[in-house]
Amino acid sequence: MNQMLIVPLILMGLNQLGLDYTDPATVLNIRVAYVSAQCLTFLMFLFVYIKIRAKMDDRKLEVPKEQGTWEKMQAQAKEAQEKAERERAIAEGQPTEEESAPVEKELREVTFATYDTEELKKLVKMALVGVGITCLLHFKWEIIQPLVIQSVLGPLKLVDHALFKLHVLGAAETDKLVRPFKVDDPNAMLKGLMGQSEEETPAPKPKAKKRSKKTD
C-alpha cells in the first residue's frame with residue numbers, strides 16, 4: 001500500500017469537506033479522532049505482541065547483525081570519503097582504484113519469535129516518533145492536517161505490515177511475508193514514473209570499428 005498516494009487523497013478529501021480549522025469544536029473533534037486512532041494503534045501493537053508470545057515460533061533464521069548509531073555513522077563517512085577521492089581522481093585524470101566490494105554484514109541466528117518481536121519494537125518506535133512530530137507540528141505551529149493524516153495512516157501502517165497479516169489475519173508465509181521481511185523502496189513509484197531504472201537501462205552497444213581499406 002503506497003502512502004505517497006494516500007496522503008494526497010486525504011488532503012483532497014479535507015479540501016472537499018471544507019472544514020473550518022478556526023472553529024474550536026472542529027479542532028477538538030479532530031484531536032479526539034487522532035487520540036482515538038493512536039490508542040487503537042497501540043492496542044493493536046499489544047495484541048500482535050500477545051499473539052507472537054503465544055505462538056513462540058522457535059524456527060530459526062539468520063539476519064544481519066544490526067550496527068549501532070556510531071558504527072553506522074563511521075561506515076557512511078568512510079563511504080563518502082572514498083567516493084569523494086574517486087571523483088577527485090577522475091577529475092584530475094588520475095587512475096582510480098577499483099571500487100571495493102561491499103563488506104558482508106555479520107549474521108546472527110534468531111528464532112522467528114525473537115525476530116518478530118524486534119520488528120514489532122521498530123514499528124512501536126516509529127509510531128512514537130510520529131506522535132512526537134505530529135504533536136510538535138500541531139501545538140507549536142497549530143497545524144491541523146497532520147492530526148487527520150496520522151489518524152488514518154497510523155492504524156493503516158500496522159494493518160498493512162507483515163506482522164499483522166501473519167499473526168492476526170493468519171496469512172500464509174509467501175512472497176513479502178517470508179522472513180526476513182523485505183523493505184519497500186520509498187522511491188520505487190518515482191522510478192516507475194520516470195521509466196527504467198539505472199540498473200535496467202541497457203548499456204550502449206560498442207561502436208563497430210571501421211575496417212581500413214588495404215591499398216594495393
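Me: Where is Asp175 found?
Reply: In this predicted model, Asp175 is found in the loop between H6 and H7.

Me: Buried or exposed, that Asp175?
Reply: Asp175 is exposed, since its relative accessible area is 59%, and the cut-off for that class is over 50%.

Me: And what is its phi, for Asp175?
Reply: The phi of Asp175 is near 55°, which is a positive value in a residue other than glycine. For context, most residues other than glycine have a negative phi.

Me: Which residue does Arg179 form a salt bridge with?
Reply: Arg179 pairs with Asp116, and the closest N and O atoms are 2.8 Å apart. Because Arg179 lies in the loop between helix H6 (162–167) and helix H7 (188–193) while Asp116 lies in helix H4, the pair ties together parts that are 63 residues apart in sequence.

Me: Are those two, Arg179 and Asp116, buried or exposed?
Reply: Arg179 is buried, and Asp116 is buried as well.

Me: Which residues are linked with them in a network of salt bridges?
Reply: The network links Arg179 and Asp116 with Asp57, Arg59 and Glu173. Within it, the side chains of Arg59 and Asp57 meet in a salt bridge of 2.6 Å, taken from N to O. Arg59 counts as partly exposed because its relative accessibility is 37%, whereas Asp57 counts as buried at 12%.

Me: How many salt bridges does the count come to?
Reply: The count comes to seven salt bridges. One of them joins Arg108 and Glu118, with the closest N and O atoms 2.8 Å apart. Arg108 belongs to strand E2 (residues 107–111) and Glu118 to helix H4 (residues 112–141), so this pair ties together parts that are 10 residues apart in sequence.

Me: New topic: how do the axes of H4 and H5 cross?
Reply: The axes of H4 and helix H5 (residues 145–159) come within 10 Å and cross at roughly 175°, which makes H4 roughly antiparallel to H5. On the H4 side the contact is made by Leu123, Thr134, Leu137 and His138, and on the H5 side by Pro146, Leu147, Gln150 and Leu158.

Me: What about the surface, which residues form a nonpolar patch there?
Reply: Leu43, Leu46, Tyr49 and Ile50 form such a patch, and together they have about 390 Å² of accessible area. Leu43 has its place in helix H2 (residues 24–55), and Leu43 counts as exposed because its relative accessibility is 56%.

Me: Last, the whole chain: how many helices and strands are there?
Reply: The protein chain has seven helices and two strands, following the pattern α-α-β-α-β-α-α-α-α along the sequence. Of its 216 residues, 23% count as buried, and the accessible surface comes to about 17,000 Å², of which 58% belongs to carbon and sulfur atoms. Among contacts between residues at least 6 apart in sequence, 75% join residues at least 24 apart.

Notes: Residues are numbered from 1 along each chain as its sequence is written. This is a predicted model: local features need pLDDT of at least 70, side-chain atom pairs count only at pLDDT 80 or more; totals for chains, interfaces and linings use all residues. Side-chain values use heavy atoms; hydrogens and water are left out. Patches are made of residues with over 30% relative accessible area and no salt bridge: like charges are joined within 9 Å, nonpolar side chains (Val, Leu, Ile, Met, Phe, Trp, Tyr) within 5 Å. Accessible areas come from the Shrake-Rupley method with a 1.4 Å probe; for residues, only the protein chains shown count as cover. A salt bridge is a side-chain nitrogen of Lys or Arg within 4 Å of a carboxyl oxygen of Asp or Glu. Helices (H or I, at least four residues) and strands (E, at least two) are DSSP runs, numbered from the N terminus. Buried means under 20% relative accessible area, exposed over 50%, partly exposed in between (1.4 Å probe, protein chains only). Axes are lines fitted to C-alpha atoms, for helices over the stretch in contact, and angles run from 0 to 180 degrees between N-to-C directions. Angles under 35 degrees count as roughly parallel, over 145 as roughly antiparallel, 65 to 115 as roughly perpendicular and the rest as oblique. Contact means heavy atoms within 4.5 Å.
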